[in-house]
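Dear colleague,

I would be grateful if you would read the notes alongside the coordinates.

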Amino acid sequence: MAGNSEDGKTDIEVARQVIETEAAALSALRETISESMTQAVDILMGTKGFLIVAGVGKSGHIGRKIAATLASTGTPSFFVHPTEASHGDLGMITKGSSVLAISNSGETRELRDLLIYAKREDVPVIAITAKSRSFLASQATVTLLLPKTGEACPNQLAPTSSTTMTLALGDALAVAAMARRNFTREDFGARHPGGSLGMQLQLIGEYLALRKESPNPVITEDAIFADVLKAVSEGRYGAVSVIDASGALKGVVTDGDIRRAVMGHENVQAVTARQMMNPTPVTVAPDERIGIAIQTLENRQISQIIVEEAGRPVGLVHIKDLMSEGYL
């Protein structure tokens, strides 16, 4: 049963109104984006060291997220609490660094020491604030100004719309810098080796090398049915690569091929791997991404794929391993 607020609105109505208010704030923010964004990205591109993000309270919480987003998208960045900065952490702000300072009012007392220090050391400051005549704006090299909008909080006290705009502005800055750097999926994946995307961007050769057991069941073309059945069973991957005398890949026999051989031959024991195999197996190369292997497995609706290098099978990737290891 829906609850009601004092003015009679249901919880759902209140929640929708919050979303509408914050969406309107974001629309207003979009219209304020100007050349100052280009100037801010210029600062990021010219930063040889780290971008230091600072803010207090809700601005600090948003700042931590912005710093994390920037760091993962090509802008080396970390968060410093302004109070800690005043007690020694100003030493983290060195020549070649830059600062992103966040304060809706622009008058946050704890930021003053950091801003004065940055100006004295000739460290550029990007400000995010709603007050163009604030102390923060006066000390900043570039100001990204938040438009004047109401908070979604009915008392106009809790930072809601303002923090949403700040977060969006931080994302805009990060993505604009990504575009300027031509930051790729591979670049992103290199910074996220533990995430699903990073794992899928791993090279197949790296994947095989890191595994304790890298399956590569093989059988020769002239192997008889019993030997093929044994190789498929012992490999426990439902497939075996078929090679010629030189070790070159000639085909693949799957457990489905074995079933078809049993049903299609009266003297199945005399059937060879050459007769059973699929001569055009699906393969991937070691220098391709795991994501390519996953996409191929899904598109072809198969369970395993042979890794082929210089015409030879060097491994096998199975969907059950990918699932158990978190790639899917």
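Contact here means heavy atoms within 4.5 Å. Helices (H or I, at least four residues) are DSSP runs, numbered from the N terminus. This is a predicted model, in which local features need pLDDT of at least 70 and side-chain atom pairs count only at pLDDT 80 or more, while totals for chains, interfaces and linings use all residues. Residues are numbered from 1 along each chain as its sequence is written, and side-chain values use heavy atoms, with hydrogens and water left out.

In the pair formed by α11 (residues 225-235) and α12 (residues 255-264), the axes come within 11 Å and cross at roughly 150°; axes are lines fitted to C-alpha atoms over the stretch in contact, with angles from 0 to 180 degrees between N-to-C directions. α11 is therefore roughly antiparallel to α12 (over 145 degrees). F225, L229 and V232 of α11 meet I258, A261 and V262 of α12. By class, this contact has six nonpolar, no polar and no charged residues (Ala, Val, Leu, Ile, Met, Phe, Trp, Tyr, Cys and Pro count as nonpolar, Asp, Glu, Lys and Arg as charged, and the others, Gly among them, as polar).

The axes of α3 (residues 58-72) and α7 (residues 161-181) come within 10 Å and cross at roughly 20°, so these two helices are roughly parallel (under 35 degrees). The residues of their contact divide into five nonpolar, four polar and three charged.

Two charges sit over rings (NZ of Lys or CZ of Arg within 6 Å of the ring centre and within 35 degrees of the ring normal). R112 lies over the face of F135, 4.1 Å from the ring centre, and the charged end of K320 is over the ring of Y237, at 5.0 Å from its centre.

With kind regards

Key. Angles under 35 degrees count as roughly parallel, over 145 as roughly antiparallel, 65 to 115 as roughly perpendicular and the rest as oblique.
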